Amino acid sequence: MTMHMNQLNQSLAVLETWQQQSVEQRVAIVQRWATLLDQRDNKFSQSVAMIRFQCQQALATIAQTHTLQGPTGETNQLYCVGRGSFLVFADEAANTAALVGLISAALVAGNTVICSAANTNIELDSLLSELLRAGCPNRVATQVAAEACEPLAKQPQLAGVALAAAPATCQRFNQILAEREGQLAQLIYETDSLNFSQLSDSSLCLRFITERTRTINITAVGGNASLLELGSGE
């Protein structure tokens, strides 16, 4: 088994546990990450602001569970979960704020992330160490070498790719995802490392989630079964 496949399998192994935490719990961890970076160095100020923005948008957009109308004796709920494991890659044109913005948006939405940075000015080792210190469970956010990113993107188990990159890099990964077999992958990208046109979109976190419904039949667990007699014609 190649190293990048082993990394992906480890990421998928902790996915369900990470998704079982509420949006509020995941946000609390990522917010602590921002606090640790803020205490560490002023050079992370833009990154800290980006992390906190993504947390605020997640709480406003995907944290609530919606109750749907249903028949008597049944409850139906609509809620959001992460799509799966994401590759988050920053090429030479990207900066730290763009990368951590994508990482934080993916994490609070309930995804695990495999991170990489080709830009040597991005201190990815340090960033992920602080994320672990903030309470992020082991293997929820991991790191691979830049040269492993394209082979990893070809794996059908990967839910999507989030890029902080130049347009040419985004086009190359788009082609890779279009040609691979298996589930359709989500491609999310930020090419504007100055104004962050995509990362500043309040609906960005919606691209990292999918919707699910939960149905509970109250009568099946000892509810008022007499309600079922109404309209039965007997």
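This is a predicted model: local features need pLDDT of at least 70, side-chain atom pairs count only at pLDDT 80 or more; totals for chains, interfaces and linings use all residues.
Me: How many helices and strands does the protein chain have?

Reply: The protein chain has 8 helices and 8 strands. Of its 234 residues, 47% count as buried. Among contacts between residues at least 6 apart in sequence, 78% join residues at least 24 apart.

Me: At what angle do helices H3 and H4 pack?

Reply: An angle over 145 degrees counts as roughly antiparallel. Helix H3 (residues 23-40) packs with H4 at about 165°, and their axes are 9 Å apart. The two helices are therefore roughly antiparallel to each other. H3 passes H4 in a left-handed crossing. On the H3 side the contact includes Val27, Val30, Trp33 and Leu37, and on the H4 side it includes Val48, Ile51, Cys55 and Leu59. By class, this contact has 11 nonpolar, 2 polar and 3 charged residues.

Me: Is H4 roughly parallel or roughly antiparallel to H5?

Reply: Angles under 35 degrees count as roughly parallel. Helix H4 (residues 45-61) and helix H5 (residues 96-108) pack at about 25°, with their axes 8 Å apart. That angle makes H4 roughly parallel to H5. The crossing of H4 past H5 is right-handed. Among the residues in contact are Gln46, Met50 and Gln54 of H4, together with Thr96, Val100 and Ser104 of H5. This contact has 8 nonpolar and 6 polar residues, with no charged residues.

Me: In what order do the strands of the open sheet stand?

Reply: Strands of a sheet pair through backbone hydrogen bonds, either parallel or antiparallel. In this model, an open sheet of 5 strands has the order E5-E4-E3-E6-E7, with parallel pairing. Strand E5 (141-143) and strand E7 (186-190) stand at the edges; each has a single partner strand, so one side of each lacks a neighbour in the sheet. Neighbouring strands are turned by 20° against each other on average, direction ignored.

Me: How many bridges join strand E3 to strand E4?

Reply: Strand E3 (residues 85-90) and strand E4 (residues 112-117) run parallel and are joined by 6 bridges.

Me: Which strands does helix H6 touch?

Reply: Helix H6 (residues 124-133) packs on the sheet and touches E4 and E5. The direction of H6 makes about 160° with that of E5.

How values were computed:
Residues are numbered from 1 along each chain as its sequence is written. Side-chain values use heavy atoms; hydrogens and water are left out. Axes are lines fitted to C-alpha atoms, for helices over the stretch in contact, and angles run from 0 to 180 degrees between N-to-C directions. Helices (H or I, at least four residues) and strands (E, at least two) are DSSP runs, numbered from the N terminus. Angles under 35 degrees count as roughly parallel, over 145 as roughly antiparallel, 65 to 115 as roughly perpendicular and the rest as oblique. A crossing is left-handed if the near helix is turned anticlockwise from the far one by less than a right angle, and right-handed if clockwise. Contact means heavy atoms within 4.5 Å. Ala, Val, Leu, Ile, Met, Phe, Trp, Tyr, Cys and Pro count as nonpolar, Asp, Glu, Lys and Arg as charged, and the others, Gly among them, as polar. Two strands pair if DSSP finds at least two bridges between them. Buried means under 20% relative accessible area, exposed over 50%, partly exposed in between (1.4 Å probe, protein chains only).
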